[in-house]
Amino acid sequence: NDLFNHADPTVVEAVQVLIAKHCADPSKIHSTTMEFSTQVGARTVHLEVVTTISPNERTDATQHDDGFAGCLILRDVTARRLYHERLRYLAEHDELTGLLNRREFAARLDVSKEARQIAVLDVERFSGVCATLGRDTGDDVLRAIATHLRSELGEILIARLAGDIFAVALSSPDLQEAERVASRLLDLFTDPIAVGFTSVPV
C-alpha cells in the first residue's frame, strides 16, 4: 500500500487490473506495457512500464500457494518519444516556416467536413528577391510572411503549399466575410517586410 501511495496513478491502475486478472485465472502469467509522463524539475520525462504478474510455483504436489510474484520494469523512453514527435511534426509541417504542409492542410480540411473558403496567397516578385538578395533572404521573407499570418489569424488553418504560395482556410463560408478576411490579409503586406538590414516589398 505504501508503494501504491507514491506510484503514478496510471501504474497503480494497471497493477490492480493485472491482480484482478490473476484472481480470475491464477494459473496464467499476466503482463501489460504502458507509458506515462512525469515532471523532474523543469523537464518532462517519459517512462515505459512493463508489469508482469505470475503465479508462485509450488514446491511439491501437496503444497498450495495462492500468491503471485510481480515484476515491474521502468525504462526512460524520453529520447524515443521526442524522436517520434519530431518525425510526426516534420511529416505534418513545412520545415522552413513551421506552417502546415500541403498534405496535412488537405487532410485537416477533409476531417473537419465544414464548408470553408480557401484564400491562396502568391508572393509577387519572390523569384526576383531571391535573385537579387540571395536564397537566404528569400527564406527569411517566407518565414516573416508565415509569422505575419499566424499573428493575424491565430488558430485558423494556414499552410505553405509550395514555394511562395500560402493558403488560409477561412472558417466562414460566407463570401462577404471571405472578402473582408482577404482584405485583411492584403493589408498585412502593405508595408515592406523588414529582413535583416533591408526591407522587401511583397
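The following legends describe close-up views of a predicted model.

**View 1. The hairpin of strands S1 and S2.** Strand S1 covers residues 30-40 and strand S2 covers residues 43-55. Eleven bridges hold the pairing of S1 with S2, and its sense is antiparallel.

**View 2. The turn between S1 and S2.** Two residues separate the strands of this hairpin. At Gly 41, phi is positive, with a value near 65 degrees.

**View 3. An open sheet of three strands.** The strand order is S4-S6-S5, and the pairing is antiparallel. Strand S4 (117-122) and strand S5 (158-162) form the edges, each pairing on one side only. From one strand to the next, the twist averages 25 degrees. In general, strands of a sheet pair through backbone hydrogen bonds, in either a parallel or an antiparallel arrangement.

**View 4. The pairing of S4 with S6.** Strand S6 comprises residues 165-170 and is joined to S4 by six bridges. The two strands run antiparallel.

**View 5. Helices H4 and H6 against S4, S5 and S6.** Helix H4, formed by residues 102-112, lies across S4, S5 and S6. The direction of H4 is at about 135 degrees to S5. Helix H6, formed by residues 135-153, also packs on the sheet and touches S4, S5 and S6. Relative to the direction of S5, that of H6 makes an angle of about 150 degrees.

Definitions and conventions:
Residues are numbered from 1 along each chain as its sequence is written. This is a predicted model: local features need pLDDT of at least 70, side-chain atom pairs count only at pLDDT 80 or more; totals for chains, interfaces and linings use all residues. Side-chain values use heavy atoms; hydrogens and water are left out. Two strands pair if DSSP finds at least two bridges between them. Helices (H or I, at least four residues) and strands (E, at least two) are DSSP runs, numbered from the N terminus. Axes are lines fitted to C-alpha atoms, for helices over the stretch in contact, and angles run from 0 to 180 degrees between N-to-C directions. Contact means heavy atoms within 4.5 Å.
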